[in-house]
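Open the complex in your viewer and keep the selection panel at hand. The tour goes chain by chain.

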Amino acid sequence: MSDKNRAVEKLQGKFEASILEVKQDRGDWIVTVKKEAIIAVLAFLKKECAFSMLTDVTAVDYLGTLDDRFMMVYQLTSVAHKDRIRIKAPVSEADCRVESATQVFGSANWLEREVFDLFGITFDKHPDLRRILMTPDWVGYPLRKDYPLQGPGREPYKGRLS
Amino acid sequence: MAKNEIMTINMGPQHPSTHGVLRMVVELDGETILKIDPDIGYLHRGVEKLSEYRTYHQTLPLTDRLDYLAPMSNNLGYILAVEKLLGIEVPERAQTIRIIMTELTRLESHLVWLATHALDIGAMTVFIYAFREREAVMETYELISGARMTSNFYRAGGLSQDVPPEFEKKVRDFVTTMPGYLDTYEGLLTNNPIWRKRIIGNGVISAEDATDIGITGPALRGSGVDFDLRRDIPYAGYETYQFKVPTGKNCDTFDRYAVRIIEMREACKIINQALDRLKPGAVLADAPQVCYPPKESVYNSIEGLIHHFKIASEGYPVPEGEVYVGIEAPKGELGYYIVSDGSSKPYRMRIRPPSFVNLQAIEKMAKGAMLADLVAVIGTLDIVLGEIDR
């Protein structure tokens, strides 16, 4: 693995003010940006760096670890250059919303619906923001760290008694 | 009924052609599809949530219940992600057996796809034949892991155990006869006028649309995009094998059918190459922090017993960090994104299921077609609800 990446350098040139962190973890390039810039960054990567596919959109709940509770994670793949990049954006609990990536990548539609369903992060300008895996009347967001594994209002499992 | 009335019908979740518990609300004008609203989640078991409460070792059996038609591919993706976090190397024999089993899994998954896809469209004979060959793969599963479907065979650092001596001959016999069986299926289908009329021009999706929606795997290659993770972003040693990546050009169901048939032939070639290199050796890395000790040592020495007990009760700590590993599963790109906080349990495990993303394209592919064509589109997308709902 080289210590330079074709897309990271371009991003640093264009979005210097919005980039919070650039790092490489076990060969994966990770760029953390401010959430306000996320759509511009994704559009730039698609247009200028040939990252034609938004492979995955997900979130991580860093309850009690980071100042901003949630971290949005976007995995991009370039079919032409055969490489990947990961873009992350912190989202605070108080302002739990991000602009939807559907305007740049069609694949974000269901992936963002899933994040909305399981983490409760709202996506502005999303064409069809409904729950997807849970039932429409479900209360709570199951993948949040403060959501109990057994579901709300049930006694936690204490392990096998035998 | 009024002349221009639009009818809304409910297809599934119990419907033989939806391949599981997929429900679709379909708006029809006569027989023409105006709108499809897929409703998923009937099989949601919360695998991602469960994994946060289990050790890395305990999470492994959850993964082969995702795409239950290709359990070893799911295991491989997860294990590769954990190994990337741990930074351990896998012995060559284990690597080779992984390739053999993962390619057999591809054959198994494609055989089920072919069988059910043909059955949905009305060709029943192929179903019976393809399930006969699938049985041989399941027997191999049983031979090496004891289970026919939920194999749970790979381990971080290698395999749970070495394969029995008869494994090599069984697999070799299978891949020698398989191309002949593929000829049989093709004889029944490829030039069959009914088959061709049903699937040529059905479910067309252009390369641009397919990339935009994030379709991966044979469905993407059927639309003419030459992209296969085994060749382009290699993992698990695939870069050392010779194989062709087929692509289609008409972007329709027939091209996706042709691509998958060629993929099955190529899988046989990969397995043959792997069998040629199979040499005796260790199947588990020399990493006592992570790998279970051999059973002889557990039964005969106190150190071995303690070693086994420690891993079984506490798991192994995994260094802090985050990785994403995407593999070419039979249905497309299967990705595992694991965030580790340094403990023995994943802080967050995200599974990027290929079927979930591929299913998004269904409205684009079936809009304006007849209701009966929707059945062909579901079949050609090759979805499994176990991994869509997780």
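## Stop 1: chain A

Select chain A and walk from the N terminus: the elements come in the order α-β-β-α-β-β-β-β-α-β. That makes three helices and seven strands in chain A. Keep in mind that this is a predicted model.

Along the principal axes, they fill a box of roughly 55 × 40 × 30 Å. Colour the chain by burial next. Of the 162 residues in chain A, 40% are buried.

Turn to the contacts. Take those in chain A between residues at least 6 apart in sequence: 50% of them join residues at least 24 apart.

## Stop 2: confidence

Before moving on, colour by pLDDT. Where pLDDT is low, the predicted coordinates should not be read in detail. For chain B the mean pLDDT is 89. In that chain, 99% of the residues reach 70 or more. For the complex, the predictor gives an ipTM of 0.89 and a pTM of 0.89.

## Stop 3: a sheet in chain B

Select β1, β2 and β3 of chain B. They form an open sheet of three strands, in the order β1-β2-β3, with antiparallel pairing. Which strands are at the edges? They are β1 (7-11) and β3 (32-39) of chain B, each pairing on one side only. Look at the angles between the strands as well. On average, and ignoring direction, neighbouring strands of this sheet are turned by 20° against each other.

Zoom in on β1(B) and its partner β2(B), residues 23-29. Five bridges link the two in the antiparallel sense.

## Stop 4: two helices in chain B

Select α4(B), residues 92-121, and α16(B), residues 371-381. How do their axes cross? They come within 9 Å and cross at roughly 175°. An angle over 145 degrees counts as roughly antiparallel, so α4(B) and α16(B) are roughly antiparallel to each other.

Show the side chains where the helices meet. On the α4(B) side, select Thr116(B), His117(B), Asp120(B) and Ile121(B). Facing them in α16(B), select Val375(B), Ala376(B), Gly379(B) and Thr380(B). Colour this contact by residue class: three residues are nonpolar, four polar and one charged.

Notes:
Residues are numbered from 1 along each chain as its sequence is written. Chains are lettered from A and ligands numbered from 1 in the order in which they are written. This is a predicted model: local features need pLDDT of at least 70, side-chain atom pairs count only at pLDDT 80 or more; totals for chains, interfaces and linings use all residues. Two strands pair if DSSP finds at least two bridges between them. Helices (H or I, at least four residues) and strands (E, at least two) are DSSP runs, numbered from the N terminus. Axes are lines fitted to C-alpha atoms, for helices over the stretch in contact, and angles run from 0 to 180 degrees between N-to-C directions. pLDDT is the predictor's confidence in each residue, from 0 to 100. Angles under 35 degrees count as roughly parallel, over 145 as roughly antiparallel, 65 to 115 as roughly perpendicular and the rest as oblique. Two residues are in contact if their C-beta atoms, placed from the backbone, lie within 7 Å. Ala, Val, Leu, Ile, Met, Phe, Trp, Tyr, Cys and Pro count as nonpolar, Asp, Glu, Lys and Arg as charged, and the others, Gly among them, as polar. A residue is buried if 20 or more other C-beta atoms lie within 10 Å of its own, exposed if 12 or fewer, and partly exposed in between; C-beta atoms are placed from the backbone.
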